[in-house]
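Please keep the sequence and the 3D view open while reading.

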Amino acid sequence: MSEESDLEKTEPASPRRLEKAREEGQVVRSRELGTFVMLMAGVAGLWGLGGMLGRKLDTVMRAALSFEPAVAHDPARMLAGFAQLVWESLLGVLPLLLLFAAAALLAPMVLGGWLFSTKSLLPDFSRLSPFKGLGRLFSAQSLVELTKAVAKSLLVGGVGFWVLWRHLPDAVALMNAPVQEALLRLLELVLLCCALAAGSLLLVAGIDVPWQFWDYFKKLRMTKEEVKQEHKESEGNPHVKGRIRQLQRQMARRRMMAEVPKADVVVTNPTHFAVALRYEEGRMGAPRVVAKGTEEVAARIRELAAEHRVPILSAPPLARALHRHVELGHEIPSGLYTAVAEVLAWVYQLKHWHHANGPLPEAPTGLPVPDELAVPESRA
């Protein structure tokens with residue numbers, strides 16, 4: 001049962017899945033909304049620009065039907081006149097075309113926004129499969145599209161019939177009206193019918209848009225296994241990340257060990273902890289921890305210190321305090337100044353002893369460690 005649940009697409013699409021679908025040209029689209037916007041733009045354009053368009057086309061028609069004997073016998077002038085009429089016609093319908101273009105660009109912005117994807121242009125030969133074609137033909141999506149088509153036909157046809165029935169007496173009365181007045185009134189009735197029919201599609205679009213959102217996110221749902229796999233790909237394989245961290249620790253440890261020969265002294269626990277200190281007068285405000293570690297790392301620090309003749313001092317309380325409270329590469333806190341100063345003084349005495357061959361200086365004991373920095377041996 002658990003394997004079956006892992007294969008069911010029950011998880012919502014992740015942001016990465018949505019972004020990938022968008023790159024492939026898959027976004028929420030509603031043809032009903034686009035149809036509604038385009039039809040309303042056409043009705044609005046004809047309603048607002050119809051007078052100007054009619055006058056412009058009237059001028060073009062008058063010029064086209066006028067006869068000039070000189071032009072009729074000159075092909076060059078005939079072509080020039082024809083080109084001029086075409087240009088004037090284009091200028092007349094240009095505002096309406098711009099309105100349609102704006103509507104066509106605005107409709108996608110309402111839902112998924114503009115999208116330019118070359119992947120959707122690549123050939124997909126699976127679409128040529130007759131079996132998949134039959135599957136799409138008898139799918140739930142096809143049933144929904146058929147239902148919408150029938151609903152649109154009934155709705156638009158019903159609205160058109162209602163408008164014509166309601167204004168039938170006015171249409172019949174136009175038979176006795178002057179031609180120009182009858183044409184204007186007829187155009188008003190046609191525009192009213194178109195506006196109401198196009199407006200009725202708002203109801204279809206209002207139902208189709210939520211359906212398209214639901215269907216889009218339903219198709220992009222993921223199985224639990226896909227979510228896990230995507231998480232691994234985005235966050236990285238745990239084994240690979242662990243190996244990278246291990247290599248990083250090894251590199252950091254090698255860099256740290258390279259600083260041990262340059263240290264002035266190594267303070268030990270004596271076996272569990274080892275902390276290497278370095279101080280350069282005039283360049284450092286206080287002694288700095290250049291290496292530290294426990295167990296095997298501490299043993300390696302002591303070995304390197306012995307190989308390079310770096311003094312080693314056994315001071316358990318001070319070693320535990322330095323290891324616990326000072327980060328690698330940082331200067332020691334002010335509370336340990338006194339203790340570390342005694343240690344460095346002993347180191348300087350050792351250096352003098354090596355050159356002067358005097359009495360061997362005694363290692364400092366009972367180094368003072370403040371209570372707030374002291375670390376009990378059981379917690380070390």
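## Two helices side by side

Helix H3 (residues 31–65) and helix H5 (residues 75–110) have axes that come within 9 Å and cross at roughly 175°, which makes H3 roughly antiparallel to H5. Here an axis is a line fitted to C-alpha atoms, for helices over the stretch in contact, and angles run from 0 to 180 degrees between N-to-C directions; angles under 35 degrees count as roughly parallel, over 145 as roughly antiparallel, 65 to 115 as roughly perpendicular and the rest as oblique. Helices (H or I, at least four residues) and strands (E, at least two) are DSSP runs, numbered from the N terminus.

Sorted by class, the contact of H3 with H5 has 21 nonpolar, five polar and two charged residues. In this sorting, Ala, Val, Leu, Ile, Met, Phe, Trp, Tyr, Cys and Pro count as nonpolar, Asp, Glu, Lys and Arg as charged, and the others, Gly among them, as polar.

## How to read the model

The model is predicted, and for that reason local features need pLDDT of at least 70 and side-chain atom pairs count only at pLDDT 80 or more, while totals for chains, interfaces and linings use all residues. Residues are numbered from 1 along each chain as its sequence is written, and side-chain values use heavy atoms, with hydrogens and water left out.

## The sheet and its strands

An open sheet of four strands has the order S3-S2-S1-S4, with mixed pairing, where two strands pair if DSSP finds at least two bridges between them. S3 and S4 stand at the edges, each with a single partner strand, so one side of each is left without a neighbour in the sheet. On average, with direction ignored, neighbouring strands of this sheet are turned by 20° against each other.

Strand S1 (residues 265–268) and S2 run antiparallel and are joined by four bridges, and a hairpin leads from S1 to S2 through four residues. Along this pairing, Val 265 has Leu 277 of S2 as its bridge partner, and Val 267 stands opposite Val 275 in S2. S2 and strand S3 (residues 288–294) are also antiparallel, with six bridges between them; in S3, Val 289 is the bridge partner of Leu 277, and Arg 288 is that of Arg 278.

## Burial and packing around the sheet

Strand S2 (residues 273–278) has five of its six residues buried, so S2 is largely enclosed by the rest of the structure. The word buried means under 20% relative accessible area, exposed means over 50%, and partly exposed lies in between (1.4 Å probe, protein chains only). Five of the seven residues of S3 are buried as well, so S3 is likewise largely enclosed by the rest of the structure.

Helix H13 (residues 316–325) lies across S1, S2, S3 and S4 and runs at about 75° to S2.

Which residue other than glycine has a phi near 50°? The residue is Glu 295, whose phi is positive; Glu 295 is found in helix H12 (residues 295–307) and, at 48% relative accessibility, counts as partly exposed. Arg 309 also has a positive phi, of about 55°, although Arg 309 is not a glycine. Arg 309 is found in the loop between H12 and strand S4 (312–314), and Arg 309 is exposed, with a relative accessible area of 78%.

Gln 212, in helix H9 (residues 179–219), is buried, with a relative accessible area of 13%. Not counting residues up to four places away in sequence, Gln 212 touches Val 28, Arg 29, Ser 30, Glu 145 and Lys 148, where contact means heavy atoms within 4.5 Å. Gln 212 and Leu 111 are 101 residues apart in sequence and 9.9 Å apart in space, C-alpha to C-alpha.

## What the UniProt record lists

An unreviewed UniProt entry lists residues 33–53, 93–116, 137–165 and 189–214 for "transmembrane region"; UniProt positions are given in the numbering used here, feature names are shortened, and annotations may be inferred rather than shown by experiment. In the model, residues 33–53 are 100% helix and 0% strand, with end C-alpha atoms 27 Å apart. Residues 189–214 are 100% helix and 0% strand, and their end C-alpha atoms are 39 Å apart.
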